[in-house]
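Please look over the following protein model, for which a short briefing on one residue, its surroundings and the overall fold is set out below.

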Amino acid sequence: NTDERLYFTLLTKHTSETMPIVYTPTVGQACQHWSEIYTGIPRGIYISSEDKGQITRILEQWPQKDKVKAIVFTDGERILGLGDLGVNGMGIPIGKLALYTACAGISPDA
């Protein structure tokens, strides 16, 4: 979280070497410890079944909603064979979006 430009440049230029770090298997370990390593920088939105009927309102509160180009959903269940990680599963969509940046050229600001 200190130099995202360097991170995404490295990821884009060395995708095959960095993929195991950004995604499987490392992302599973990150998810298991998500609540310990979370930095407070917004990387996703948590929506629960209690939010039924309020999802549009919640999405409209995202600070950079005009820049969103891709969305990845997860219910946190059966993540990489680790079981239900609940909110700790946020690392999965974050890792996938990083791969979309590296492999599909989607801007990391999206």
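M19 is partly exposed, with a relative accessible area of 33%, where buried means under 20% relative accessible area, exposed over 50% and partly exposed in between, using a 1.4 Å probe and protein chains only. This is a predicted model, in which local features need pLDDT of at least 70 and side-chain atom pairs count only at pLDDT 80 or more, while totals for chains, interfaces and linings use all residues. Residues are numbered from 1 along each chain as its sequence is written, and side-chain values use heavy atoms, with hydrogens and water left out.

**M19 and its surroundings**

- M19 has its place in helix 2, residues 15-22, where helices (H or I, at least four residues) and strands (E, at least two) are DSSP runs numbered from the N terminus.
- Leaving aside its neighbours within four places in sequence, M19 is in contact with T24, L99 and C103, contact meaning heavy atoms within 4.5 Å.
- Although M19 and A102 are 83 residues apart in sequence, their C-alpha atoms are 9.3 Å apart in space.
- A102, when residues up to four places away in sequence are not counted, touches L11, T12 and T15.

**The largest nonpolar core**

- The largest nonpolar core has eleven residues in all, namely F8, L11, V22, Y23, V27, C31, L85, I92, A98, L99 and A102; such a core is a set of buried Ala, Val, Leu, Ile, Met, Phe, Trp, Tyr and Cys residues joined through side-chain atoms within 4.5 Å.
- At least two residues of this core come from each of helix 1 (4-13), helix 3 (26-32) and helix 6 (91-104), and helix 6 gives the most, with four residues.
- In soluble globular proteins, nonpolar side chains tend to be buried together.

**Overall fold and dimensions**

- The secondary structure comes to six helices and zero strands.
- The C-alpha trace spans about 40 × 35 × 25 Å along its principal axes.
- Among contacts between residues at least 6 apart in sequence, 62% join residues at least 24 apart.

**Burial and surface**

- Of the 110 residues in the protein, buried residues make up 25%.
- The protein exposes about 7900 Å², of which carbon and sulfur atoms supply 54%, the accessible areas coming from the Shrake-Rupley method with a 1.4 Å probe.
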